[in-house]
Amino acid sequence: MEENRCKFWLPKKNRFCANSPLNDSQFCGNHKPRSTEQWIPCPIDPSHSVLKENLESHVKRCPLLKQAQSLSLQPFYQKGINAGKEEEEEDNVSSEMKRSAVYSMTVTQFCKLINKIESVHASTCKDIWESYKVPEACNMWIKREVDRKLPFQEKHVAQQASILGNLEDFGVIKSSVGSKEADSQGFCSDDSNFVHAVVEFGAGRGYLTQMLADCYGFDRVFLVERKSYKLKADRSLRQKESLILERLRIDIEDLNLNAVESLRGIPYLAIGKHLCGPATDLTLRCCLSEQCNQGSVQDCRSNANLKGLAIATCCHHLCQWKHYTNRKFMSDLGITKGQFHAMTWFTSWAVDADHSSDLPDITDCSLQLQSIYYSEEKQCFGDMHGVEDVVRNMKPVERAVLGFKCKQIIDVGRMMWAKEHGLDTQLVKYVPSGISPENHLLLARHAKCL
């Protein structure tokens, strides 16, 4: 009997483990040494990992297998359609890899990069302003006059209301409150630009769309989300008589929006609250087909159906060069792929700061980095022996300033990309940093939707 037992010794019990060993091993599953095991992403859904030695059996019984097989049969599924073109395939660059690359720089290289970021920010990020809007149409949510069963968190309601308020102020949607001329559904009154549908990307539970439905109204709702959630807004939305709801459980990277039969040819509004990292870039490509030549953008049917767009960006530290929409913008500014990834790592410093009374001064990006700079005439390195020492000796406020500047440069590039695709664009800070330091809102509208 002893031969059929795990060989792991239990000192407190003064005996070997009583479990049966695994095949080709002296140990049971609980006590098998982990040093030689390798975890790899599941090929069906990379959101979870599996031991390499168990991969073959896992693929056959993965809980997401049926979902993946069903999704692959959908006409709107097209693997990697919005991923962006790269000369050669590459894996995602993790935060640890970005940090290691920064720390491997010389202090001179690091300081020159800081100087470059300062210069680029000064020349490209001049037209970003505060735009905290709470439209009258959203009073029913602000005053909690909606269904009490709906979840209510003041900071999220404030963000959602300001997104809608900025869309209204930008001329994409109209409120019927106090206006006899506004159409019954609250959107652009010109028949040629009438918005019938709303597509929310990274919808989560869908409460941004819920507020939009309650306060403005429309015909169709499409919620795009790759994960499954409980307590969704779907049940409440389906109770609206004239509203048709469709939830698309798919990664934005693989969504061919033009192949969604029920949306084909219908003018729509695209929205997204806190589209993490590259999800913003994937959404922009999903809405604005890169197959359209710039000379015939207005003739491109898919692009013409997009009447407005509002994306609240966040988690810039997750951004990847291979997905970023406007690599040309960065390259023209002299920013390489490695420097871009360094900038994305710096962005995490913005949200690491103390978001208190001094944060508005930080997000204003008016402060200069005094303790870290490089010039041919003067070097300000002190007794620092490496980039890690330089970073450790930076003041928290300086780290935050640098992080916010990198965020703004990244989002300005996205705004310019949308503008190059025939849209009127704006980039605003849609809520005070005390509500959320992730407060950039990218607005765009069809040129005729005025």
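Buried means under 20% relative accessible area, exposed means over 50%, and partly exposed lies in between (1.4 Å probe, protein chains only). Strand β12 spans residues 440-446, and seven of its seven residues are buried.

This is a predicted model: local features need pLDDT of at least 70, side-chain atom pairs count only at pLDDT 80 or more, and totals for chains, interfaces and linings use all residues. Residues are numbered from 1 along each chain as its sequence is written, and side-chain values use heavy atoms, with hydrogens and water left out.

**The whole chain**

The protein chain has 16 helices and 12 strands. These are DSSP runs, numbered from the N terminus: helices are H or I with at least four residues, strands are E with at least two. Of the 450 residues in the protein chain, 49% count as buried. Contact means heavy atoms within 4.5 Å. Take the contacts in the protein chain with a separation of 6 or more: residues 24 or more positions apart account for 69% of them.

**The sheet**

Where does β12 sit in its sheet? The order is β5-β11-β12-β10-β9-β6-β7-β8, in an open sheet of eight strands with mixed pairing. Two strands pair if DSSP finds at least two bridges between them. The edge strands are β5 (129-130) and β8 (244-248), and each pairs on one side only.

Strand β11 (residues 423-429) pairs with β12 in the antiparallel sense, over seven bridges. Here L423 has H446 of β12 as its bridge partner, and Q426 has L443 of β12. Strand β10 (residues 306-314) also pairs with β12 in the antiparallel sense, over five bridges. G308 is bridged to R445 of β12.

Helices pack on this sheet too. Helix α7 (residues 207-215) touches β6 (197-201), β7 (220-224) and β9 (268-276), and its direction makes about 145° with that of β9. Helix α16 (residues 396-420) touches β10, β11 and β12, and its direction makes about 160° with that of β11.

**Two helices against α12**

Two packed helices are described by the angle between their axes and the distance between the axes. Axes are lines fitted to C-alpha atoms, for helices over the stretch in contact, and angles run from 0 to 180 degrees between N-to-C directions. Helix α12 covers residues 337-346.

| Helix packed with α12 | Angle | Axis distance |
|---|---|---|
| α3 (residues 95-103) | about 110° | 9 Å |
| α4 (residues 107-124) | about 80° | 12 Å |

Start with α3. Its packing angle with α12 is about 110°. The two helices are therefore roughly perpendicular to each other. Angles of 65 to 115 degrees count as roughly perpendicular, under 35 as roughly parallel, over 145 as roughly antiparallel and the rest as oblique. α3 passes α12 in a left-handed crossing. A crossing is left-handed if the near helix is turned anticlockwise from the far one by less than a right angle, and right-handed if clockwise. S95, K98, R99, V102 and Y103 of α3 make the contact with H341, A342, T344, W345 and F346 of α12. By class, the α3 contact with α12 has five nonpolar, three polar and two charged residues. Ala, Val, Leu, Ile, Met, Phe, Trp, Tyr, Cys and Pro count as nonpolar, Asp, Glu, Lys and Arg as charged, and the others, Gly among them, as polar.

Now α4. It packs with α12 at about 80°. That makes α4 roughly perpendicular to α12. F110, L113, I114, K116 and I117 of α4 meet Q339, A342, M343 and F346 of α12. The contact of α4 with α12 has seven nonpolar residues, one polar and one charged.

**Residues in loops**

C28 lies in the loop between β2 (15-16) and β3 (39-41). C28 counts as buried because its relative accessibility is 2%. Leaving aside neighbours within four places in sequence, C28 is in contact with C6, C17, N19, S20, P21 and L22.

The loop between β10 and α11 (327-332) holds H323. H323 counts as buried, at 8% relative accessibility. With neighbours within four places in sequence left aside, H323 is in contact with A83, N92, E253, P278, D281, L282 and R285.

C315 is in the loop between β10 and α11. C315 has a positive phi of about 50° although it is not a glycine. Is C315 buried or exposed? C315 is buried, with a relative accessible area of 17%.
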